[in-house]
Amino acid sequence: MSKTMSKHDLGSSVVYQIYIKSFCDSDGDGIGDLPGIVSKLDYLKYLGVDYIWITPFFPSPQRDNGYDVSDYCAIDPAYGTMDDFDALVAEARRRGMGIMLDMVLCHTSSEHEWFQRALAGEERYRRYYILRDGRGSSGPGDPGEPPTNWQCAFGGSAWEWEPRLGKWYLHMHDVSQPDLDWTNPEVREACADVVRFWRDRGVRGFRFDVVNLISKPEVIEDVPGSGSACRALVADGPHVHEYLQELVERAGIDGMITVGEMAATNLENCVRYTNPASHELSMTFSFHHLKVDYKDGKKWELADPDIARLRQIFSDWQEGMQAGEGWNALFWNNHDQPRAISRFGGRGGAGYPDTSWEKVGKMLATCTHFMQGTPYIFQGEELGMTNPGYPSIDDYRDVESKNYYRIMIEGGKSPAEALRVVSERSRDDGRTPMQWSAAAHAGFTTGEPWIGVAPNYERVNAEAEAGVEGSMLEFYRRLVCLRKELDVVAEGAVRFVDAGPAAPKVIAYERVLEDAPAGQPKRLLVLCSFDNEPCAVRLSGAAAEGLGDAGVLLGTYPRRLIDPASGMVALHAFEALVLAW
Ligand code: GLC
């Protein structure tokens with residue numbers, strides 16, 4: 001078996017996520033594409049990232065923006081050609097960066113050849129999918145009721161009756177995304193072939209979409225409540241570790257950088273997925289920290305972020321993964337999430353006084369970039385992009401947002417209330433065109449963009465920020481650079497610290513590396529205030545030791561007050577401060 005990546009390699013790397021549809025359009029059709037990415041590689045090099053994860057660009061009916069793949073080993077003409085792809089891999093490599101691809105192997109599109117052949121009656125391909133008889137069916141041809149009460153991720157039943165199959169098929173996501181049956185060895189082999197195909201084309205790593213949902217429970221039965229609990233039931237299923245090990249070995253990717261997207265997962269399983277001895281994945285995305293503003297756990301009900309809970313989740317996952325020798329992917333944003341600045345800096349992201357969006361963005365970045373793990377930057381995050389706050393539901397494109405808008409209205413919400421919720425929770429919040437400049441459509445396209453640009457692009461854009469001292473972009477560059485320069489950031493132990501009763505919205509942790517190279521700090525103290533008012537941190541015990549000797553490594557305000565005698569550090573609204581010894 002080849003060698004897995006070392007903690008130092010993982011800990012000194014930074015990944016950039018590109019949502020291809022919205023990144024850069026080279027041909028004016030309003031959709032980003034592969035040549036567009038090539039044209040921005042110098043920008044990514046300037047930012048300093050090591051790997052570029054690109055969301056799916058395979059042929060797809062685009063019901064779920066490419067996460068409904070109809071051919072895993074080809075390129076959708078809207079995004080370019082195989083030659084464009086090869087050029088991208090070569091050009092990235094020339095600049096010292098690697099390409100990571102997004103493998104959507106939990107389900108196919110219903111237009112994939114496998115599903116089409118199942119529909120045509122080929123027994124071999126029927127066995128690729130999860131087919132069941134209906135409840136209360138009187139026999140062939142009578143659908144009866146869905147086999148269980150499971151709800152799919154985008155609203156509505158997770159089962160669809162298909163007369164051509166004479167069965168219901170399972171879809172954990174959209175009706176056009178039938179789940180593959182991973183108990184079938186032929187499916188597992190076919191998926192490994194797909195990964196190997198791209199590995200052989202020079203890809204350096206992979207992200208695996210909802211990969212902890214591949215092993216369904218042995219008995220498929222009702223879940224308590226409304227049916228949305230099926231996600232937790234299916235997550236981390238009975239054979240998931242075994243299937244992953246097999247996939248990694250067969251595809252020959254053990255030495256590569258890999259990340260699994262883990263729905264409704266837990267710490268114990270993520271330790272197993274990522275402990276090098278398991279030979280499964282380099283790291284996992286978990287999402288508990290991005291649910292702290294869900295009211296009673298419900299995504300489509302608004303609440304202010306619960307910072308005490310956020311702190312608890314971070315400390316459990318940071319210290320827990322460390323104890324189990326696992327590894328976290330560190331992130332606030334991706335193509336499924338509203339923009340973190342809008343979430344944590346005051347709901348809606350609008351109405352900020354002057355420059356506080358910038359303070360919030362820098363504080364959030366500091367909070368994750370100094371943690372143990374591998375940071376991910378989602379396109380535009382490094383510029384401070386926010387939710388767009390579109391005025392009408394017609395401006396949204398996402399299948400989930402549109403479904404839930406309808407469900408909320410059916411449930412009695414007014415159109416204005418439902419729009420408000422969508423504007424804060426939509427996946428489209430993260431999918432607006434990348435803001436390259438103050439030109440028309442933020443310089444993303446010369447045509448009509450497939451989705452509208454956020455209104456703040458004239459102020460928040462790459463051209464306005466590059467090389468400008470104090471800008472968000474330059475701040476991110478510094479964070480990326482520090483991770484490479486300082487071993488304590490890449491490899492240090494992590495320990496969460498109590499910030500005291502007068503700082504309830506501060507997240508504080510230490511990084512320690514006793515044998516740091518000479519001239520480098522051995523200890524960092526990271527203080528991040530999620531408070532929109534000033535507050536006073538009070539450190540005690542080991543955390544306060546040597547405060548008088550600490551230097552400031554990084555800060556987001558010029559003036560600060562530290563009293564080593566009492567262990568007091570005063571923080572401004574949304575301030576981030578990193579002290580080093
Ligand atoms: C993942 C993707 C998301 C997609 C879903 C189904 O969560 O990130 O965009 O809709 O899987 O493939």
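Q: Buried means under 20% relative accessible area. With that cut-off, is Val210 buried or exposed?
A: Val210 is buried, because its relative accessible area is 3%, under the 20% limit. This is a predicted model, and the value is computed from it.

Q: Where is the place of Val210?
A: Val210 is in the loop between strand S7 (205-208) and helix H8 (230-234).

Q: Switching to the ligand. Which residues are the closest?
A: The closest are Asp64, Asp209, Glu261, His335 and Asp336, out of 14 residues that surround the ligand.

Q: What is the make-up of that shell by class?
A: The shell around the ligand has 7 charged, 4 polar and 3 nonpolar residues.

Q: Which pocket does the ligand sit in?
A: The ligand is in the largest pocket.

Q: How many Å from an oxygen atom of the ligand is the polar side-chain atom of Asp209?
A: For Asp209 the distance from a polar side-chain atom to a ligand oxygen is 2.7 Å. Arg207 also has a polar side-chain atom by an oxygen of the ligand, at 3.1 Å. For Arg427, an N or O atom in the side chain lies 2.9 Å from a ligand oxygen.

Q: How much of the ligand's accessible area does the protein cover?
A: The protein covers 97% of it, where the ligand on its own has 310 Å².

Q: How does Ala264 count for accessibility?
A: As partly exposed, because its relative accessibility is 32%, and that class runs between the 20% and 50% limits.

Q: What about the phi of His441?
A: His441 has a positive phi too, of about 50°, and is not a glycine. The loop that holds His441 runs between helix H15 (415-425) and helix H16 (462-465). At 24% relative accessibility, His441 counts as partly exposed.

Q: Staying in that loop, is Ala440 buried or exposed?
A: Ala440, in the loop between H15 and H16, is exposed, because its relative accessible area is 56% and exposed means over 50%. From Ala440 to Glu458 the C-alpha distance is 9.2 Å, and the two are 18 residues apart in sequence.

Q: And Gln435, how does that one count?
A: Gln435 is in the loop between H15 and H16 and counts as buried, because its relative accessibility is 0%.

Q: What does the side chain of Gln435 make a polar contact with?
A: The contact is with the side chain of Asn456, at 3.3 Å.

Q: Last one. Where is Lys505 found?
A: Lys505 is in the loop between strand S14 (493-497) and strand S15 (506-512). With a relative accessibility of 35%, Lys505 counts as partly exposed.

Q: How far apart in space are Lys505 and Phe574?
A: They are 9.5 Å apart, C-alpha to C-alpha, and 69 residues apart in sequence.

Notes. Residues are numbered from 1 along each chain as its sequence is written. This is a predicted model: local features need pLDDT of at least 70, side-chain atom pairs count only at pLDDT 80 or more; totals for chains, interfaces and linings use all residues. Side-chain values use heavy atoms; hydrogens and water are left out. A residue is near a molecule or strand if one of its heavy atoms lies within 4 Å of it. A polar contact is a pair of N or O atoms within 3.5 Å; within protein, one must be able to donate a hydrogen and the other to accept it, and residues adjacent in sequence count only if both atoms are side-chain atoms. Accessible areas come from the Shrake-Rupley method with a 1.4 Å probe; for residues, only the protein chains shown count as cover. On a 1 Å grid over the protein atoms alone, a cavity is a set of points where a 1.4 Å probe fits but cannot get out, and a pocket is an open set with protein on both sides within 12 Å along at least five of seven lines; lining residues have an atom within 4 Å of a point. A molecule sits in a cavity or pocket if more than half of its atoms lie within 2 Å of its grid points. Ala, Val, Leu, Ile, Met, Phe, Trp, Tyr, Cys and Pro count as nonpolar, Asp, Glu, Lys and Arg as charged, and the others, Gly among them, as polar. Helices (H or I, at least four residues) and strands (E, at least two) are DSSP runs, numbered from the N terminus. Buried means under 20% relative accessible area, exposed over 50%, partly exposed in between (1.4 Å probe, protein chains only).
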